[in-house]
Amino acid sequence: MTAREQVFVAYPGRDPALAAGIMGAVRKANARPIPITFEPWPFNDVAGSPLVSPILEKIDESPLLVADTTYLNLNVVYEIGFAIGRGKRAFLIRHKSAKGDRDIAKLVGIFDTLGYFEYETFDELQARLEAHIDTAHLPFSTALDRKSPIYLIEPPKRGPDVGVMVSRIKKAGYGRYRSFTPEEDTRLSATDAIRQVAASSGVFIPFQQTAEPEAEVHNIRCMFIAGLCDGMGKPKLLLTPPGFDAPLDIRDDVKQWHQLSDIHTIVAEFSPQIVEYAGQVEPSGIDRTTLLQSLSIGDPRAENEMNTLDQYYLKIDQFDRTLSGEVNLVVGRKGSGKTALFIRLRDKMRGDRRNIVLDLKPEGYQLIRMKEDILEFLSEGARQHLIIAFWEYLIYLEIAYKLLEKDQKAHRYNQDIHDAYLELSGVYNAANFSPEGDFSERLAGLSERLARRYQDQYGTQDARRLTASEVTELVYMHDIKQLRELISNYMHRKEAVWVMFDNLDKGWSTQGVDVIDATVLRCLVDAGRKVEREMRKAGHVVHCIVFVRNDVYDHLMRNTPDFGKEMRATLDWNDPDMLREMLRLRLVSGMHADLNKVDFHAVWHELCVSHYKGEDTSSYLIQRSLMRPRNLLKIFNHCRGFATNFNRQMIEDVDIEKGLKAYSSDLLAELDAELTQVFPNARDLLYHFMDSKRAFPRNELDALLTTAKVDAADHEKVTSFLLYYGVLGIQVGEAEYFIFDVNYDIKVLQVRAERGKDKTLYIVNPAFWPAFSIAA
């Protein structure tokens, strides 16, 4: 008699009735004449032996893993990741009637992108186990990313521990790391996680205490990634805070810090493992069989494709304007390509070694101390005066820092700069301004030092007005005039300085940005212009450019006296052909073909069915992207992920349907958070559109807003927000209009709605239909 193959079955024990039902279904299936035997996890609970090792050995020996995800047990999540990393099929099951952790799973994002079988009864589960289960695993490339070998899973809110860890990563020489960042992508796609881990030589996984906001969702992602790492044999650093109760499967591997300084040692000890792994013999490369599986189109987040972006970047007019120094603000909606432009501009300028290029990425949380301990107690005038001085001082310090860093070795052999270097170095270091760490640490340190000095001198006096001399004494730890003159003197040996700020709105409170945040942003722009003017007087070329979300800028700055004075480059996409060209460049580059010789439709029809529901598929997907490049890439990756999961040669109708559903869920969560950040009263508003009609008159829209607990006085404002973000459009007669159809001019939509009067209908963007369960 041929021995049966054993298949390991993992499930949580939180619900005894569910566990007993699964056990019963397994026993009944095992009693049938099928070629496999299912072995549930309690059989491995052998007294006197480690629990984890036998489980992983069983998974390793099994042709597939059956895992129940009704409840997201952290160890089961790890085992799912481990199985996939080992090249095993992870066959996920879930009880249809039990609520379980369904809501958490939606926020995590991994499991619905893997696919799962839902059973209503345990007899139904038994029947599915007795039927054939395909053992084909998810294919993935084993080729390493040599230029960005590190992958990081960031928590929803980056605290000082992650800040220190990132600083140490950069200090170790891995400044160009890849990451998953909930600020940018609220849900983690399983396909993307697998791809990122497979390309890595080291993975950083910082866990959070359960009391932290959204820690449960984050830690589930961490366990999946940890399982992938162990399945693939990747070096991983599991960083945990003091007192963290680590899940059993990873308990022996965690590194717990007690003081922030411990993280320095932990990262330093881990770094050689990255080098050792990266130095191994190059893996076999692409473990795939079709063009669709082997294709690489880059990453939806520009931060994760710094080393390849130049191969397929679509150079738009806004890039040329920024490159020529015409603008001091680059604004665009989330996912419109601001960071891609930032990266390409930075790399272009760095091509000339005579340029000094500062790519500064402050985050809102680094300024919290200054905001809470100083700015809230100052009058508006004093607040602006102090913040402009702070930013101006920081810009000069960073220019000095970069000059000294760039010529650290050269000044010893170059008499032309030797004396000027020593003089600038002496003044810069005189105030004990630590050059250690990265910009984030220096910014946080300067902010905290300023807060301490203010509290020591003034305490918490409300609405205090500071004189110019008091601001100077408080902010500057150098003679600012002397520092500026030394920088100017040194700059005669350089070509130009480019100071670029990105991410300022990252890390701002999810409760909404306020008037102080607006002041911080406006004063940064003003300080940049001031530095440009001062340097220009001395004959130097300095460009200070701030990159910021368009909605944040518009809604925070519209009522300020300086609104409209800045020279802006606005990244608004309204031409489907431009998005199609963006995608073409990536597809053709991924195929290693000639960018100038391959037509979009020629390559598209090799990868995807030509029509879906009677429409051209590329047009259908672009219409659901909200005209944002990142969204289009996400849709394509989701659809391709489902196709490759089932080893299909090309994306078919069913893959588009599943891909759009996963994307729609992502979009709902992301846009709800995005909208809430600038209008806190709109929290969870989008979820009230679930099961609504596709189109409705104004009175029904008002009724829905009332149900969502939006005050009647705010209905007009909230409606404008929904139109601005593209959640809603308007229909007058047969004509439909969304914000990107009217060149992003909200007034055009408002006037058309008013003219249509009772005939005007408000329509839900089809991108949200799958998440809202609206029929097409």
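Q: Which residues of α10 are buried?
A: This is a predicted model, and in it the buried residues of α10 are Ile263, Ile266, Val267, Phe270, Ser271, Ile274 and Tyr277.

Q: And what covers those buried residues of α10?
A: The cover includes the strands β6 (150-153), β8 (202-206), β9 (236-240) and β10 (254-256), together with the helices α7 (160-171) and α9 (215-232).

Q: How far apart are the end C-alpha atoms of helix α10?
A: They are 28 Å apart, which agrees with the 27 Å that the 19 residues of this helix, residues 260-278, should span at 1.5 Å a residue.

Q: Switching to aromatics, how many aromatic pairs does the count come to?
A: The count comes to 19 aromatic pairs. One of them joins Tyr78 and Phe82, whose rings are stacked, with 6.4 Å centre to centre and 20° between the planes.

Q: Where do Tyr78 and Phe82 sit in helix α3 relative to one another?
A: Because they are four residues apart in α3 (residues 74-85), about one helical turn separates them. In general, an α-helix has 3.6 residues a turn, so residues three or four places apart point the same way. As for burial, Tyr78 is buried and so is Phe82.

Q: Which pair is edge-to-face?
A: Trp391 and Phe501 form such a pair, at 5.8 Å centre to centre and with 75° between the planes. That pair links distant parts of the chain, since Trp391 belongs to helix α15 (residues 380-406) and Phe501 to strand β13 (residues 496-501), 110 residues apart.

Q: Are Trp391 and Phe501 buried or exposed?
A: Trp391 is buried, and Phe501 is buried too. Elsewhere, ring pairs link Phe689, Phe696, Phe768 and Phe772 into a cluster.

Q: What about charges, which ring does Arg94 lie over?
A: Arg94 lies over the face of Tyr116, at 4.1 Å from the ring centre, while the charged end of Arg128 sits over the ring of Phe117, 5.9 Å from its centre.

Q: Changing topic again, how many cavities of 30 Å³ or more are there?
A: A search of the whole structure finds seven, and the largest cavity holds about 460 Å³ of space.

Q: What lines that largest cavity?
A: Its lining has 32 residues, and Ser189, Thr191, Asp192, Arg195 and Asn637 are those that lie nearest its centre. Elements giving two or more residues to this lining are β7 (178-180), α8 (190-198), α11 (291-294), α25 (629-645) and α26 (653-678). The largest share, seven residues, comes from α25.

Terms used:
Residues numbered from 1 in each chain as written. Predicted model: local features only at pLDDT ≥ 70, side-chain atom pairs only at ≥ 80, totals over all residues. Heavy atoms only, no water. Expected span 1.5 Å × (residues − 1). Buried < 20%, exposed > 50% of the residue type's maximum accessible area, 1.4 Å probe, protein only. Contact = heavy atoms within 4.5 Å. Phe/Tyr/Trp six-rings, centres within 6.5 Å; stacked < 30°, edge-to-face > 60°. Lys NZ or Arg CZ within 6 Å of the ring centre and 35° of its normal. 1 Å grid on protein atoms, 1.4 Å probe; cavity = no way out; pocket = protein on both sides within 12 Å on 5 of 7 lines; lining within 4 Å. Points joined across faces, edges and corners; volume = space filled by probe spheres on them.
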